[in-house]
Number of protein chains: 2
Amino acid sequence: MIQNMTENQITLYIIKALKENKQKELDAILDELQPYDIAQIYADLPEKHRTRFLLNLKIDLLADLIQELDRDEQFKVLNKLGLERKGQVLDEMDNDDLASLLDELSPEKMASLLSGMKIEESKIVQNIMNYPPETAGRLMTNRFVWIRDYYSVRDAVDKLKTFAEFAETINYLYVVDNHRKLVGVVSYRDLLIADANERISNIMYERVIAVSDTMDQEEVARMIERYDFLAIPVVNENNVLMGIVTVDDIIDVVIKEANEDIEKLSASGKAIDFDTKAFVAAYRRLPWLVLLLFIGLISGSIISGYENTLQQVVALTYFMPMISGMTGNTGTQSLAVVVRGLAVNDLDKKSIFNLIMRESGVGIIIGVTCGILISIIAYVWLGNPMLGVVVGSSLLLTLIIGTLAGTIIPIFLYRINIDPAVASGPLITTLNDIFSLIIYFGIATAFMHYLM
Amino acid sequence: MIQNMTENQITLYIIKALKENKQKELDAILDELQPYDIAQIYADLPEKHRTRFLLNLKIDLLADLIQELDRDEQFKVLNKLGLERKGQVLDEMDNDDLASLLDELSPEKMASLLSGMKIEESKIVQNIMNYPPETAGRLMTNRFVWIRDYYSVRDAVDKLKTFAEFAETINYLYVVDNHRKLVGVVSYRDLLIADANERISNIMYERVIAVSDTMDQEEVARMIERYDFLAIPVVNENNVLMGIVTVDDIIDVVIKEANEDIEKLSASGKAIDFDTKAFVAAYRRLPWLVLLLFIGLISGSIISGYENTLQQVVALTYFMPMISGMTGNTGTQSLAVVVRGLAVNDLDKKSIFNLIMRESGVGIIIGVTCGILISIIAYVWLGNPMLGVVVGSSLLLTLIIGTLAGTIIPIFLYRINIDPAVASGPLITTLNDIFSLIIYFGIATAFMHYLM
């Protein structure tokens, strides 16, 4: 029946079951739903039914539900549970999800939240919290299955059966030695095909691809993406198996990192989405805008230095927006290529050299093309061939410099370990504004007596 | 031994084995490597060893290798194989990978490539090629395991064992009725825990989350991300199971879509990476720049319309870069919020209304803040209070309009089914340039006799 019901129908059905206290029907329908669906239905439920709904959820479904919610909602739900159930739910949660829930909590609040948990579970979470944010250690879960190399395939399958409910993924079984060092990996598939009496050490891969627990999450994402893995083991500096990172968390990392690149490139402010309040969004966007306001005034003071030039040839102002706009654009184009390129490539000296040579080439080609084009247009429009030469040669130079600025600045930042995306679009644009005005008015002033 | 060797050492070892013709040692080392590693080693091999290396690879490793390469390299490798081995490799490749290899080939070339394949395999690929690009149908693979609802758990496990090598993922077994309609799903984990004599229909989930074969790939990615699935089934309009989409392809989709958003926001041109040649990159970037050159000239002609105003108060030009820069920036900020928001949200009438109201609020707050700030600065700098009022009120107005333009234009494009990211950063920036100049000079001209 349920397979053809819409989300609305399911919600109504659940409200009815709640009202009539039909636990069995409730369980039957909840059993068919995915965590995401349960969270959607919870969000759709009228406030007055929510507490009763939570009361009727089993611990594992509560943990599933909480993992799907936003932070604020997570705390709301946890506070509606009694102390005992809260502890049970926290025990049940995936420990990477729990770690991100605890993130940014004050030490007192964290301690109070963890106090209801089993000691061994809360210790694991606290260990995870000791890793710096955005590292493999923070993303990893301990809910995986490890086996020993002397196991037979039958032993391994037996262990798997016992832990199947507990493990976050059962695609790979990691093989450790008696010091918990990672020595091999066996896929589920390998177990299926192998003879039940075969020793694990005979069928395992010995060249295990693993990541270090302090590795940056972007690097971990790159590994999983390259190898098409469903999970990757995390080891410490002694090659001791600490946990695994699963592909579903990596998808979230990839989305988050791409959004961060876009936020920084557009200086659109941290974490503004459709639900952010106007005041908060304005507050997050303002710092950049105010900074850019002052940088914009530098352009203004440069222009004011050329007051005489301008007063004599007002037509020079006509080309100001075009020149600074184009220079800003080509810089942003280069910047985007570098920033996204860094998301998938490592950057050694050779590739930096090649990239800068490439972009020099690009700058010269587009500079020459656009420079010739605008010379002709300026001449036809204003009938002054010298003005055409001034505008065209300025554009040629500014496009080359703008392209290189958009390339070299982010590479330089990357080399000194600053995220190159902070050299955001608007910053490059505004810097290029300044360069372009200096070049344009410099050339114009030099040729002044030809222009008059 | 191999587990501690670096990539370089492995490459050298392989060259040695190739030279000395030690097939057994070669096989042993290749057996431990991941497809990505084999591709890296192939790329590192000197040209003279490559053909022999390919000759020594078994068909399945050849297929793995080819799936890791760029299109150009894929064809190079295929052409080095004989006709017979080429067909065998194509048969072995995942059919979604094969489909993207065939993409954009001329019909003759495609037919010649497919001619060496088994008829049933080439038919499957041709079916996939019939779907529009970037749909679920294009991404799906037929290498999955289906079972019937009347099977016992033992039957299912037996079938799984037979197909374990063939299937791209074995996490989920999809249950179909006698018309191949999708009626349920059983996870591998469920099979492990269940009694061997249990009927599949008793343990399967009946509410299967599936996607339509014509669904856009971005939507498919959203489903997999929401549900944390490792694969999702693809059905046609009659609910007949056509294939599955696996999470590794979805990671590639997420990265590709994010890169496309960034390319369009920065108008950086399609598919430029670190390896693109300067001439090609310039060619891809030029169309936008030339378009923006002409739009920039519109700004110029607006300014030329206010020649008299400018000649009388040259100081007005000092604030031009700041005003147009700020207006461009706030527009780009709004645009980025909308474009990325659309990647994770659906947009109904209510949320459009809310978003526009929010951004109006943002525009007013940043407009008032920056407007007051610049009024004071302009007054202090040039000692003319009226100039402060003109510049400040212009900035107030242009920031509000700029913010709304960056919001409304992409939403409008989205509603008429044009990708909103084509309203790219530079386009919004340049439009906002024009708006800001009209407002600024309009206000200045109106207040002219107070400014003198």
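In the predicted model, 67% of the contacts in chain A with a separation of 6 or more join residues 24 or more positions apart. Chain A contains 24 helices and six strands. Its radius of gyration is 30 Å, whereas a compact globule of 452 residues would have one near 22 Å. The C-alpha trace of chain A spans about 90 × 60 × 45 Å along its principal axes.

Of the 452 residues of chain A, 56% count as buried. The accessible surface of the chain comes to about 19400 Å². Carbon and sulfur atoms contribute 56% of that surface.

Over all chains, the structure holds 23 aromatic pairs. A:Tyr306 and A:Phe441 form a stacked pair, because their ring centres are 5.3 Å apart and their planes lie at 20°. A:Tyr306 sits in the loop between helix 17 (278-305) and helix 18 (307-312) of chain A, and A:Phe441 in helix 23 (residues 425-446), so the pair ties together parts 135 residues apart in sequence. A:Tyr306 is partly exposed, with a relative accessible area of 21%. A:Phe441 counts as buried, at 0% relative accessibility.

In chain B, the rings of B:Tyr306 and B:Phe441 are also stacked, with centres 5.3 Å apart and planes at 20°. B:Tyr306 lies in the loop between helix 17 (278-305) and helix 18 (307-312) of chain B, while B:Phe441 belongs to helix 22 (residues 425-446) of chain B. B:Phe441 is buried, at 0% relative accessibility.

A further cluster, linked by ring pairs, comprises A:Tyr36, B:Phe144, B:Tyr172, B:Tyr174, B:Tyr227 and B:Phe229.

How values were computed. Residues are numbered from 1 along each chain as its sequence is written. Chains are lettered from A and ligands numbered from 1 in the order in which they are written. This is a predicted model: local features need pLDDT of at least 70, side-chain atom pairs count only at pLDDT 80 or more; totals for chains, interfaces and linings use all residues. Side-chain values use heavy atoms; hydrogens and water are left out. Helices (H or I, at least four residues) and strands (E, at least two) are DSSP runs, numbered from the N terminus. The radius of gyration is taken over C-alpha atoms; the globule rule is 2.2 Å times the number of residues to the power 0.38. Buried means under 20% relative accessible area, exposed over 50%, partly exposed in between (1.4 Å probe, protein chains only). Contact means heavy atoms within 4.5 Å. Accessible areas come from the Shrake-Rupley method with a 1.4 Å probe; for residues, only the protein chains shown count as cover. Rings of Phe, Tyr and Trp (its six-membered ring) pair if their centres lie within 6.5 Å; planes under 30 degrees apart count as stacked, over 60 as edge-to-face and the rest as tilted.
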